[in-house]
Amino acid sequence: MFVEKVEHLADGVHDLLRDGEGNIWLASDGQGIFRFSGTQFTALDEAAGLPSAQVMALTWNGTDSLYIGTYDAGLYIFNNGKVRALSFPSEPVPAIMSLAYAPEGRLWLGTRGRGLWSYDNGIFRQYAAPENDFPSNYVNSLYIDTFRRMWIGFTNGVMVLEENMFKVADTNTSPVFSFLTIGFDSTLIATEGGLRLFHAGEARPFVTGT
């Protein structure tokens with residue numbers, strides 16, 4: 001399935017992950033997926049059976065499967081050297097901007113304009129604004145921390161899924177790109193407007209001491 005060797009990456013990289021064997025996977029906007037095994041890059045692209053070269057998100061199930069979210073062709077799974085589609089229940093298929101695989105075996109998908117989706121036991125479910133007080137249907141980022149909470153970054157706010165309940169974590173209107181939990185009640189939030197810190201139930205601009 002993979003081409004022999006790639007000399008360089010010419011397009012933007014949207015997502016990174018490390019699998020259980022230590023390989024590094026990169027999602028690119030225009031060249032498909034790259035795998036770095038420690039010595040060279042190999043590629044999984046349209047020529048190898050992936051219908052789209054615009055890959056926005058990747059996640060790993062922890063054992064044997066890579067999930068692939070594309071901008072223009074939906075959701076795919078790479079397993080045993082083969083790519084196959086996981087058919088969305090509605091048309092048009094939304095652009096998938098982020099993915100996260102929860103420890104209990106549920107796949108989460110953040111989309112551009114179609115909200116948050118879950119995939120479990122072959123069934124898709126949509127969570128869309130204004131349901132659960134979501135600020136919008138544009139989900140930029142998903143992050144599952146070490147405490148099994150899932151952080152959801154929108155273009156205009158942050159929610160957290162904890163104990164099967166969605167809670168508002170930040171009402172800041174800057175697009176949210178990434179998260180990093182640094183303690184049970186402390187999570188860094190990377191936004192277009194700067195770095196923010198969620199602590200003691202409240203999000204504020206993150207300012208270090210002088």
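Mentor: On a 1 Å grid over the protein atoms alone, a pocket is an open set of points where a 1.4 Å probe fits, with protein on both sides within 12 Å along at least five of seven lines; a lining residue has an atom within 4 Å of a point. This is a predicted model, where local features need pLDDT of at least 70 and side-chain atom pairs count only at 80 or more, while totals for chains, interfaces and linings use all residues. Residues are numbered from 1 along each chain as its sequence is written, and side-chain values use heavy atoms, leaving out hydrogens and water.

Trainee: What is the mean pLDDT of the chain?

Mentor: It's 87, with 92% of residues at 70 or more, on a confidence scale from 0 to 100. Residues 1-7 stay under 50, although the model gives them 24 contacts beyond four places in sequence (heavy atoms within 4.5 Å). Where pLDDT is low, the predicted coordinates should not be read in detail.

Trainee: How much space lies in the second largest pocket, and which residues lie nearest its centre?

Mentor: About 270 Å³, a volume filled by probe spheres set on grid points joined across faces, edges and corners. Its lining has 15 residues, with Glu104, Arg106, Trp108, Leu161 and Asn164 nearest the centre. Strands E12 (123-127) and E15 (157-162) each give two or more residues to that lining. A strand here is a DSSP run of E, at least two residues, numbered from the N terminus.

Trainee: Why are E5 and E8 at the edges of their sheet?

Mentor: The open antiparallel sheet runs E5-E6-E7-E8. E5 (55-60) and E8 (82-86) each have a single partner strand, so one side of each lacks a neighbour in the sheet.

Trainee: How do you know that E5 and E6 pair?

Mentor: Pairing takes at least two DSSP bridges; E5 and E6 (66-70) have five, antiparallel, so they pass. Tryptophan 60 stands opposite leucine 66. E15 and E16 (165-170) also have five bridges, antiparallel, and form a hairpin with two residues between them. Leucine 161 has phenylalanine 166 in E16 as its bridge partner.

How values were computed
pLDDT is the predictor's confidence in each residue, from 0 to 100. Helices (H or I, at least four residues) and strands (E, at least two) are DSSP runs, numbered from the N terminus.
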